[in-house]
Amino acid sequence: MDPQNSESSRRFDPTRHVSSLWEEFRAFAFKGNVIDLAVGVVIGAAFGKLVDSLVKHVIMPLVTFVLPTESSYQTWSLTIGEQEVPYGLFLAEVVNFLIVALALFLFIKKFLSLVIRQKQKEAEAPAPTLTKDQELLMEIRDLLRERPA
């Protein structure tokens with residue numbers, strides 16, 4: 001039996017398989033949802049960096065200034081035995097998280113309320129008035145339905 005002329009070797013064409021994978025990937029990648037998701041990830045990363053900078057360079061230095069300490073929040077630590085726990089850095093990360101969570105909450109809250117309002121407007125919108133031609137066509141349709149077959 002010749003392996004090059006066997007049934008399985010004729011059915012598998014690697015170039016066609018790669019082309020098929022490429023077409024599937026292209027169809028998936030260029031859907032609107034995937035592009036929107038990518039844009040959201042990039043904007044989210046940029047927002048995270050912005051908030052991180054705000055916390056590290058504005059908020060926490062102000063906290064250090066307000067609290068009566070001689071050192072920066074970055075050096076705040078608790079020593080347990082011989083182990084040092086830098087709680088100042090942890091507090092900065094907690095503040096960072098809270099700001100991001102608050103911003104996300106407000107965005108989602110506003111976005112969802114906008115969507116709900118839009119759906120309510122669509123539900124409350126009066127039905128479009130029919131023209132005389134449309135009314136007559138509806139009457140004819142109803143009469144044809146009532147007529148025995």
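Phenylalanine 111 is partly exposed, at a relative accessible area of 44%. Buried, for the rest of this talk, means under 20% relative accessible area, exposed means over 50%, and partly exposed is what lies in between, with a 1.4 Å probe and protein chains only. This is a predicted model, in which local features need pLDDT of at least 70 and side-chain atom pairs count only at pLDDT 80 or more, while totals for chains, interfaces and linings use all residues. Residues are numbered from 1 along each chain as its sequence is written, and side-chain values use heavy atoms, with hydrogens and water left out.

Back to the ring. The structure holds 2 aromatic pairs. In one of them, the ring centres of phenylalanine 107 and phenylalanine 111 are 6.0 Å apart and the planes are at 15 degrees, so this pair is stacked. The rule is that rings of Phe, Tyr and Trp (its six-membered ring) pair if their centres lie within 6.5 Å; planes under 30 degrees apart are stacked, over 60 edge-to-face, and the rest tilted. Phenylalanine 107 and phenylalanine 111 are 4 residues apart in helix α4, which means about one helical turn between them. Phenylalanine 107 counts as exposed, at 53% relative accessibility. Helices here are DSSP runs of H or I with at least four residues, strands are runs of E with at least two, and both are numbered from the N terminus.

Next, the surface. Which residues form the nonpolar patch? They are Leu78, Ile80, Val85, Tyr87, Phe90, Leu91, Val94, Phe97 and Leu98, with about 860 Å² of accessible area together. Two or more residues come from each of β1 (78-80) and α4 (87-124), and α4 gives the most, with 6 residues. Valine 85 sits in strand β2 (residues 83-85) and is partly exposed at 36%. Patch members have over 30% relative accessible area and no salt bridge; like charges are joined within 9 Å, and nonpolar side chains (Val, Leu, Ile, Met, Phe, Trp, Tyr) within 5 Å. Areas come from the Shrake-Rupley method with a 1.4 Å probe, and for residues only the protein chains shown count as cover.

Now the charged pairs. How many salt bridges does the structure hold? There are 2, a salt bridge being a side-chain nitrogen of Lys or Arg within 4 Å of a carboxyl oxygen of Asp or Glu. Aspartate 52 and lysine 56 meet in one, at 3.3 Å from N to O. Aspartate 52 and lysine 56 are 4 residues apart in helix α3, so about one helical turn separates them. Aspartate 52 is partly exposed at 21%, and lysine 56 is partly exposed at 35%. Arginine 141 and aspartate 142 also form a salt bridge, with the closest N and O atoms 3.3 Å apart. Aspartate 142 is partly exposed at 31%, as is arginine 141 at 37%.

Last, threonine 64. Is threonine 64 buried or exposed? Threonine 64 is buried, with a relative accessible area of 14%, and it lies in helix α3 (residues 32-66). Beyond its neighbours within four places in sequence, threonine 64 is in contact (heavy atoms within 4.5 Å) with Thr69, Ser71, Ser72, Tyr73 and Trp76. The side chain of threonine 64 reaches the backbone nitrogen of tyrosine 73 at 3.3 Å. Between threonine 64 and tryptophan 76, 12 residues apart along the chain, the C-alpha separation is 9.8 Å.

Conventions: Polar contact = N/O pair within 3.5 Å; in protein donor to acceptor, adjacent residues only side chain to side chain.
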